[in-house]
Amino acid sequence: MRVRHFHVRPNIPEELEPLVDLARNLWFSWNWEAVQLFIRLDPALWEKSYQNPVLMLGTLSQADLNAAARDESFVANVRRVHENFMNYLKAPGWFRESHGGEKDFLAAYFSCEFGIDEGLPIYSGGLGVLSGDHLKSASDLGLPLVGVGLLYQKGYFRQVLNLDGWQQELYPDNDWFNMPVTLERAPDGRVLTIDVPVGGETVKARIWRVQIGKTPLYLLDSNVKENAPRMREITTTLYGGDRDMRIRQEILLGIGGVRALRALGLSPTVYHMNEGHSAFLALERIRTLMAEHGISFAEAREQVFASNVFTTHTPVPAGNEVFGQELVRKYVQPMAEELGLPWQELLGLGQVGTAKSHDFGMTVLALRTAAFANGVARLHAETSRKMWRELWPTLPEAEIPIRSITNGIHTRTWLSHEVGELFSRYMGPRFVEKPGDHSVWDRVDAIPAGELWRIHQERRERLVFFARKRLKAQLQRQGAGAGSLRGAEEVLNPEALTIGFSRRFATYKRAGLLFRQPERLIRMLSHAERPMQIIFAGKAHPQDHPAKEIIKSVIHFATDPRIRHRLVFLEDYDINVARYMVQGVDVWLNTPRRPLEASGTSGMKAAANGALNVSVLDGWWCEGYALDTGWAVGSGEVYNDPEEQDYIECEALFNLLEQEIVPLFYDRDKGGLPREWIAMMKSSMRKLGAYFNTHRMVQEYAESCYLPAHRAGARLAEGGFAGAKALASWRSRVAESWSRLSIRVEEVRKQKEVPVGSAVGVTVRADLGPLAAEDVSVEIYYGPLDTSGEIRDGGIVRARHDGRDGNGDLFRAEIPCKVTGRYGYTARVVPRHADLVNPFTPLLLTWE
């Protein structure tokens with residue numbers, strides 16, 4: 001049967017045409033004045049359309065649209081908001097003001113999921129929300145950046161719970177023609193498509209654009225009729241299917257993403273891989289340079305390596321994406337042939353060590369093809385350096401080139417509009433313009449305690465009413481009786497201490513930690529004078545049955561008649577649920593098993609709204625915790641026995657709740673204000689809000705990764721890639737000669753004791769073989785000795801070349817003695833070149 005199609009668009013009156021611009025740009029998602037316009041049109045329809053303004057405008061009756069067009073007040077408001085929107089698009093932003101001289105700079109940000117707004121469900125959790133916040137801050141800052149991802153027909157999944165509390169998954173189709181996405185077209189009007197070779201077949205993919213303020217996000221869609229059914233399904237679900245499906249998705253994301261940007265006429269100078277899913281982009285970039293410029297693999301790799309950035313988000317080896325060798329061969333061997341690489345050599349780019357039996361790791365491929373790599377919190381960077389030290393086996397762990405750029409949040413997206421208005425009133429317009437400015441956040445102290453507490457209570461009430469409504473709908477769908485439905489209308493107390501726990505449900509996050517002492521928990525929840533209540537929400541991965549069991553256990557516990565009005569689980573956790581929770585709770589609870597939480601950002605969102613965090617010292621909280629910002633469970637210990645850890649930290653958590661948190665919340669002055677609690681709220685908002693935001697984060701990426709990568713890539717590409725050719729030739733020569741190189745410490749000051757503040761002179765003799773002194777850097781590695789005689793917290797002093805004699809080259813250095821104690825030192829040599837961005841990848845290093 002042949003089906004023809006056409007598109008029906010809403011008939012928007014001329015007076016309301018600006019609403020179409022606002023609906024099709026996700027700028028509305030962090031601008032309450034824009035959201036208010038759609039709510040004012042029809043509040044019930046706004047909720048029914050899942051807060052998707054494109055669908056809402058298409059659903060609203062013509063009579064309602066015409067009536068709104070005749071409302072002079074509404075039309076004036078539309079014009080005012082649209083004018084603000086246009087002024088925002090024209091504003092130069094931080095990047096142009098600070099780095100306007102950078103020629104042709106453009107960063108491409110690749111991620112497998114983007115959580116921008118609940119009306120565009122192509123995300124699962126923290127990684128996607130971080131990606132969305134990254135793009136929003138890039139827009140606010142005026143950073144030239146484009147996003148690249150996949151457009152999933154069914155998104156992640158909708159969570160439904162049966163009467164027994166078991167999670168089930170629904171996969172409704174997304175209707176792109178009623179969502180804020182636009183199909184990209186060629187100049188002649190044809191739909192723009194790209195071709196990607198996948199397992200011997202050519203897959204066609206359409207390109208859709210989502211506009212996020214000034215920042216475009218391009219999403220690939222393989223659901224094209226020209227494709228075979230198994231290829232059309234590549235972009236069906238996020239994190240769905242088997243390993244074969246996952247590698248096809250990642251080929252489309254990495255290789256297809258690079259081709260899509262070229263088809264759009266874009267030439268990024270920096271490529272950022274947000275997690276390893278897109279790492280195949282490095283191979284495609286190399287292939288393209290080789291094909292178009294006639295350069296070798298080694299030469300192309302130099303330019304690509306210098307201009308790639310990689311962010312790892314996973315703190316455990318098992319969490320990193322790996323594929324079996326035969327599966328990789330099935331899909332990637334044609335790429336090896338195009339690159340002119342022996343298969344084992346290409347396979348080795350994704351393997352740890354030299355064993356031929358190792359699987360192919362996407363994180364390993366990314367680390368080997370990106371000069372700039374980072375973790376997402378200080379502790380996570382330490383954990384990552386430890387995890388991947390086998391890639392740099394002779395390098396001290398602290399020098400492994402994985403730096404730290406701590407995550408943040410897009411503050412205006414997550415701030416309640418009431419708190420946002422409060423901030424505007426007391427912090428001024430600079431809060432909107434520069435939310436990462438510490439001096440702006442210092443003005444939080446000027447907010448009257450009573451005013452802050454009143455607004456916080458309002459948000460708690462809204463959360464309670466939202467939870468009641470959500471729970472009632474949940475019970476109605478399950479077929480619950482009238483008594484249960486009436487009970488849902490009475491759950492939670494708008495004035496009680498409210499704790500929130502919502503996140504992806506995984507066993508290491510330990511959602512059930514409090515349930516280890518059920519009677520103690522019940523006593524706290526049911527206390528007559530100082531009640532406590534907990535709201536849970538979160539999804540388990542469809543294949544994670546232990547996590548599903550945890551959800552089930554929470555729901556079963558909540559059926560206890562003594563506490564069922566004090567503990568609820570809200571199904572189908574999404575951005576909308578998260579927003580209500582972080583804006584309304586008093587305490588944000590986080591209980592991961594350290595060090596398995598890479599960063600976490602939900603606590604940052606809660607803190608910006610005035611909630612206080614109580615968390616294990618893991619992820620971002622290691623940096624955020626202070627006595628006046630929240631509470632720490634434990635002191636950062638790592639246990640070998642998980643059972644012992646759970647016992648100790650459960651006890652510590654209950655002690656904090658009973659002895660500090662609950663008493664502080666209910667300690668009121670004569671006016672009913674918890675003065676000390678409010679003081680702590682202000683301190684938390686001021687200290688955490690100023691730092692843990694994506695404006696600071698994106699600026700850090702720009703200045704420590706993007707701009708250095710852009711400049712390095714430009715240098716290597718100049719003059720027909722003369723720099724890349726010279727660097728590849730130099731690297732080959734150095735690698736060939738490296739095994740003949742040796743060094744030794746020639747002489748040192750005779751004294752075994754020296755006074756603090758002095759320096760110890762060291763002379764190193766190096767046999768460089770065919771290499772010249774300018775090809776290497778001779779360094780002294782020194783530091784305090786631990787009890788086993790090993791150098792800890794080592795420092796580096798570079799030795800200066802001091803000529804040569806018949807026995808080799810001489811290098812001299814002085815070790816500064818700034819602190820008393822027992823010190824050790826040794827000499828080493830590493831390659832040195834003016835265009836070498838990362839001297840340790842691949843690693844050439846010789847110790848004395």
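## Cavities, a helix pair and a salt bridge

The count comes to 5 cavities of 30 Å³ or more. A cavity here is a set of points, on a 1 Å grid over the protein atoms alone, where a 1.4 Å probe fits but cannot get out, and lining residues have an atom within 4 Å of a point. A volume is the space filled by probe spheres set on the points, with grid points joined across faces, edges and corners.

This is a predicted model, in which local features need pLDDT of at least 70 and side-chain atom pairs count only at pLDDT 80 or more, while totals for chains, interfaces and linings use all residues. Residues are numbered from 1 along each chain as its sequence is written, and side-chain values use heavy atoms, with hydrogens and water left out.

| Cavity | Volume | Lining by class |
|---|---|---|
| Largest | about 80 Å³ | 6 nonpolar, 2 polar and 2 charged residues |

Residues lining the largest cavity include Cys112, Leu150, Tyr152 and His277. Helix 10 (residues 243-263) gives the most to this lining, with 4 residues. Helices are DSSP runs (H or I, at least four residues), numbered from the N terminus. Around the second largest cavity, the lining includes Trp730, Arg731, Val734 and Pro831. Helix 30 supplies the largest share of that lining, 3 residues.

Helix 30 (residues 694-737) also packs against helix 8 (residues 126-141), at an angle of about 80 degrees and with the axes 9 Å apart. Helix 8 is therefore roughly perpendicular to helix 30, a term for angles of 65 to 115 degrees. Axes are lines fitted to C-alpha atoms over the stretch in contact, and angles run from 0 to 180 degrees between N-to-C directions. Among the residues in contact are Leu130, Asp133 and His134 of helix 8 and Thr694, His695 and Met697 of helix 30, where contact means heavy atoms within 4.5 Å. By class, this contact has 7 nonpolar, 5 polar and 2 charged residues.

The whole structure holds 60 salt bridges, each a side-chain nitrogen of Lys or Arg within 4 Å of a carboxyl oxygen of Asp or Glu. One of them joins the side chains of Glu33 and Arg80 (3.1 Å, N to O). Because Glu33 lies in helix 2 (residues 32-41) and Arg80 in helix 6 (residues 72-90), the pair ties together parts that are 47 residues apart in sequence.

Key:
Helices (H or I, at least four residues) and strands (E, at least two) are DSSP runs, numbered from the N terminus. Angles under 35 degrees count as roughly parallel, over 145 as roughly antiparallel, 65 to 115 as roughly perpendicular and the rest as oblique. Ala, Val, Leu, Ile, Met, Phe, Trp, Tyr, Cys and Pro count as nonpolar, Asp, Glu, Lys and Arg as charged, and the others, Gly among them, as polar. On a 1 Å grid over the protein atoms alone, a cavity is a set of points where a 1.4 Å probe fits but cannot get out, and a pocket is an open set with protein on both sides within 12 Å along at least five of seven lines; lining residues have an atom within 4 Å of a point.
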